[in-house]
Structures are given as C-alpha cells and as structure tokens.
Amino acid sequence: MTDADLRARYRRIVLFFARVTVSFIWWEIVLRRLGLGRLAARTRTERGRRAALRFRGLAVSMGGLMIKVGQFLSARLDVLPPEITRELAGLQDEVPPEDLEEVRAVAESGLGVPLEEHFAWFDTTPLAAASLGQVHRARLRPADAAQEGFADVVVKVQRPHIQRVIEVDLSALRRVGGWMERYRPIRERADVRALLEEFAATTLQEVDYLAEGANAETFARNFADDPHVRVPRVVWELSGRRLLTLEDVSAVKLADHAAITAAGIHRAEVAQLLADTFLQQIFTDGFFHADPHPGNLFVSPSPDAADDEPGWTLTYIDFGMMGEVPDELRTGLRDLVIAAGLRDSARLVSGLTRLGVLLPTADLASIEAAVEQVFDRFGGLRMDELQQIDPEELIRFGLQFRELLLELPFQVPENLLLLGRSLGILSGICTGLDPEFDVWATITPYAGQLLDDERQGLPQTVLSEAMALARLALVLPRRADRVLTLAERGELRIATPLLSSQVRRLERTVSRTNGVLVFAALLLAGAILTASDPGTGRLLMFASVLPLVWVLAAGLRRGP
C-alpha cells in the first residue's frame, strides 16, 4: 500500500463524515430553526437508513477501523434507532478476505520459516475474515501435536499493512471528533477526544497477538474451576505479534439455535450460564470479554462426558478486545446491581453518581423520583413482556419526564463504553436463546449475594462512615456560621439548575421566534414592494437575511 493510497483513504473517510455532518446540520438544526421540524422528523427514519447503508458500503470496501466503527455502532441499541443498527448488523460477517499470498507472507515473516515446516496441513480458504485479521484452519506436525496434546489448530494472521491503515483511520476519526466537539449538546455530554483515544488504545491492543494470547490464558485461569466454560490453549512456539496459533475449539455457534436444540441442550440453560459467567467477569474477576458477539461464542456438546461432568460447555474465543473493571468502577456497578435487585431508586442514583454518569449539576431528587416510577411500572418484567407494552404507554411515560430527560446532565465515561457494548450484545444473545429470559431473575439472586458480601464488611464500613462524620462535625459549625452571615446580609443565593435552565430555554425560544418573525416580515414586505419600488423591495429582501443568519448562528452556538 503506497503513501498515495493512504492519503486517498484519509480523504475518503473525512469526506464521507463531512457529508453526514452537513446533512445533519441542514435537517436537524437549520430546518428546525426555520420552523420545519416536522418535515425533518418525517424523513428522519429513511435518512438514517440511507446514511447507515452508505457507511456499510464504505466500511466493507475499505476494511480497517471502519469495520470496527460499524460493529460498535450496530451494538448501540440504546442510543441509535433500529433502522441504523439493522443496516450495520451484518458487518461482522461480510468482511472480504485478503489475498492468500499476502497472508502467507505475513505468517511466514512471523514464523521465520515456510508454513510447511510447522504445519502438516494449512487450509488456504479462511475460516473467518475480520477487520484486522483472518483465521485459517491448520494441523500441527505429529511431534508438535504430541507436545501440545492436540493437533487441530486455528492460525490467526494480521492483514497486510494493517498498522499503517489504523494510523490513517485514527487520524481521520480524530478530525471528525474535532467537528463533533463543536456541537454543544455533544460537547456537554461526552468527552469525544477521550473516547476516541480509548478506542485507539483498544484497537492497538487488538493487533498485538502476544497480548491476546496472554488474555486467553488469564481468562482460562479465572474459569479454571468451572467445568462448563472452555477456552482454547495457545501454541506459543508458533505465535508472535502478527501471528497467533490456538487450539481449534470450533463447535456449534451460539446463534445456531436449531443445532443447539438438536444436540439435546436446553437453550434457556445456555442463556443463564452466559449471563452468570459475565457477572463473574465483571464483579469477581474485573476482567471481561469485550467482544462477545455470536461468532466468538460456541456451545460444545460432550456426548462422552462422565456422569459427574457437564454434557456441554460454553466456549469463548477471540480475546483481542478485553476490558478491565477498576475497583472504583466495580463498586459503582455493584451499587447498580444491588439497587436493581432491591428496586432501590436512591441507591441506583447514588451508583450512577459514583460512576461519573451524572454530573454534579444533576437534580438528583427528580431523577430518583423518575427511577422510582420506572421500578414501580417495569420492575420484574421479562424482556418479552417489556416488548409487548403498548407504545402509547411508553410515549406517555416519556412525556411525563420530558423536561427532566432534556436537561439531564449526564456523560458516558470512556471506561463504561466497552462494558455497555458487551452488555448490549449479551442481552440480545440471551433473549434470542430464550425469549422468556428474565434479566431480573438473574440479577436478584446475584444482588442478594453481593449484599451479603457487603454486610460481612459492615464493621469496616461503619468505622469509615463514623470517621467521615467526625470530620464533618469539625467543620460544620464554621459552615453554618458562614451561611447565617450571608443570610443576614441578604447575600444568600440558592441555585435551582433545572428551573434556571428552563427559563433560559424559554428566553432563547422567544428570542429566536422574534428573529424568525422579523425575517418573515422583511422578506414579505420586500416581495410586495418589488412590483412598485424595486430598489426598496430588493433592499428589504436583502436585509431579511440578517435576522435569519442571527437565528441560525444563535442555534449553532447555544445548541437546541
């Protein structure tokens, strides 16, 4: 790949997102400021579908990080409409393979010798092609097979020139991220630059196959005592940074529901085990599989298993994208699980605050009241029951808290993105395996276990809280005296963020409406006078542009 090819790639990515950005500004900002919001709303679904379709074509033709971006977006069912996620969902399976000779060159450069010297057989047709590499089946020579304890392997080989492609793609995405930061609603709710750097770090880790091999062994150690979980073993002698050789553990894909049932395995049990293993990864191990799509999960029937052994195993593969859960994050997530299990709205809000999702300006009392009503109405419902709720009821429920949702100061910390993506994918897999999968039934006993663990540490917690209260007692008289002094002087101010923001929005709306009225009046007057006094008419029509520009500039500067 030449430098000219890389420059053309950069331009193609930037121009695509430039067109998307211009389209968004025109439809969602300019037309709304002109009072044509209903037109934008009527065409939004089809516009989103066409944009996703164009991006899918771009990603498939270019590969590299564009595939990873599409896969990430396809899993964001929480923030993207279904017409977009549906169009991007197939990206996992339509990545074209690389030319065999180029793949062979990469593999042999990693081994230092021809493939035939280490493999008795090497399949020239790839088993799978991913965005950063592809996988081939192979068989070890008898001597190596005797040493490893298995003969059938899969060889994961990086795509040629992938390092340079990643650098160019990241450069283009950083430029696009700079555009996004100029839009106030995005800038206030997410640190786009930090998210991109986290994405970059994760991607660069994915192309280090030595790190992936180490991840696989760490994951295997974490589940060493669980006979239901299987992890492929690494052949270190035939692995390097661009080449990874693993035990072939291919079996029934988790998405093949008919084959799972035909093997005599209860799909509901598979869904439950998948959920349980992921809870362990988050709350016990602090080390989780961040790309658990159906292609990376197998069910392996064990027809010859002894009576005391499981008749099947859940097999994880592909450990290039892993996430870690630091202690502070784990504590916040524990609070969320316990709160969800106990339907405790106050603890849920506290957990969101601890995780950094809610900013200091959030109206916690209003959020807590809203969560309480969510628990009262939807708590305990299975996924299939949630899907059967009347859409009109959901609309009424959303309108009830419309102002709160519009003003909710939240952000998504970068360390939650991988976890959120994984949970979203797993939720869909579990529901597909078992339409009656009850997430509450899974969370509630686990919440009870976490609560029991928390109670065992209660003495230490009480001591910590007592020390905190003691420190507060020392400074409380000074703070109270300061508040009373300000009250006596008439200088005491009480902040009401939600009310203030509503007043500011009303003021902006009135101001913009006045600007649009002045624009319309000047334009209409100019059109009428053009027939009798062309000079004055054209002058008024030209002057009407000024209030229009002011309205649009105010909207772009302040956000909706």
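A crossing is left-handed if the near helix is turned anticlockwise from the far one by less than a right angle, and right-handed if clockwise. I kept that beside me while looking up two helix pairs.

This is a predicted model, where local features need pLDDT of at least 70, side-chain atom pairs count only at pLDDT 80 or more, and totals for chains, interfaces and linings use all residues. Residues are numbered from 1 along each chain as its sequence is written, and side-chain values use heavy atoms, with hydrogens and water left out.

**α1 and α7**

I took helices as DSSP runs (H or I, at least four residues), numbered from the N terminus. I looked up α1 (residues 3-33) against α7 (residues 162-181): the angle is about 25°, and the axes lie 10 Å apart. Axes are lines fitted to C-alpha atoms over the stretch in contact, and angles run from 0 to 180 degrees between N-to-C directions. α1 is therefore roughly parallel to α7 (angles under 35 degrees). Their crossing is right-handed. Contact means heavy atoms within 4.5 Å. On α1 I found L6, Y10 and F17 among the contact residues, and on α7 V168, L173 and W179 among them. The contact divides into 12 nonpolar, 2 polar and 5 charged residues. Asp, Glu, Lys and Arg count as charged, Ala, Val, Leu, Ile, Met, Phe, Trp, Tyr, Cys and Pro as nonpolar, and the others, Gly among them, as polar.

**α7 and α9**

Next I checked α7 with α9 (residues 192-206). They pack at about 165°, with axes 9 Å apart. The two are therefore roughly antiparallel (angles over 145 degrees). This crossing is right-handed. Residues of α7 including L170 and G177 meet residues of α9 including F199 and L204. I noted 9 nonpolar, 3 polar and 4 charged residues in the contact of α7 with α9.

Notes:
Parallel < 35°, antiparallel > 145°, perpendicular 65-115°, else oblique.
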